[in-house]
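Visitor: I'm new to reading protein models. Could you walk me through this one?

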Amino acid sequence: MELDMAADELKSVLNRLRRAQGQLAGIIKMIEEGRDCEDVITQMAAVSRALDRAGFAIIATGLQHCMADGGHGPEGREQMRARLEKLFLSLA
């Protein structure tokens, strides 16, 4: 399954990933500085949510493209559904 996203969808996902990247760098710095455990965990949860949302957006786009493409036939649709389900569950 190719990553085929509209420009606005792709921009949104990339923004989420860049934000998560910045937050992760901040967490590393916090740990190096010996910051409070609660603050570190709070930031880790925020990074996790950002990554999950980016992943869900990618999967939702894949599902949308899969549903729109009726040329796969029943077996192809079932295989695609199984692949998307597996991807979705990997984020759950």
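**Reading the model**

Guide: From the N terminus on, the elements run α-α-α. The chain has 3 helices and 0 strands; helices (H or I, at least four residues) and strands (E, at least two) are DSSP runs, numbered from the N terminus. This is a predicted model, where local features need pLDDT of at least 70, side-chain atom pairs count only at pLDDT 80 or more, and totals for chains, interfaces and linings use all residues. Residues are numbered from 1 along each chain as its sequence is written, and side-chain values use heavy atoms, with hydrogens and water left out.

Visitor: Which element has the lowest mean pLDDT, and which the highest?

Guide: pLDDT is the predictor's confidence in each residue, from 0 to 100. Where it is low, the predicted coordinates should not be read in detail. Here the chain's mean is 82, and 80% of its residues reach 70 or more. Helix α3 (residues 73-91) has the lowest mean, 75, while α1 has the highest, 91.

Visitor: How many of the residues count as buried?

Guide: Buried means under 20% relative accessible area, exposed over 50%, and partly exposed in between (1.4 Å probe, protein chains only). Of the 92 residues in this chain, 21% are buried.

Visitor: What makes up the largest nonpolar core?

Guide: A nonpolar core is a set of buried Ala, Val, Leu, Ile, Met, Phe, Trp, Tyr and Cys residues joined through side-chain atoms within 4.5 Å. The largest one here has 6 residues: A20, I27, M30, V40, V47 and A50. The elements giving two or more residues to this core are α1 and α2 (37-68). Take A20: setting aside neighbours within four places in sequence, A20 is in contact (heavy atoms within 4.5 Å) with V47, A50 and L51.

Visitor: And which residues make the nonpolar surface patch?

Guide: Patch residues have over 30% relative accessible area and no salt bridge; like charges are joined within 9 Å, nonpolar side chains (Val, Leu, Ile, Met, Phe, Trp, Tyr) within 5 Å. A salt bridge is a side-chain nitrogen of Lys or Arg within 4 Å of a carboxyl oxygen of Asp or Glu. In this model, L10, L14, L17 and L51 make a patch of about 290 Å². Its largest share, 3 residues, comes from helix α1 (residues 7-32).

Terms used:
Accessible areas come from the Shrake-Rupley method with a 1.4 Å probe; for residues, only the protein chains shown count as cover.
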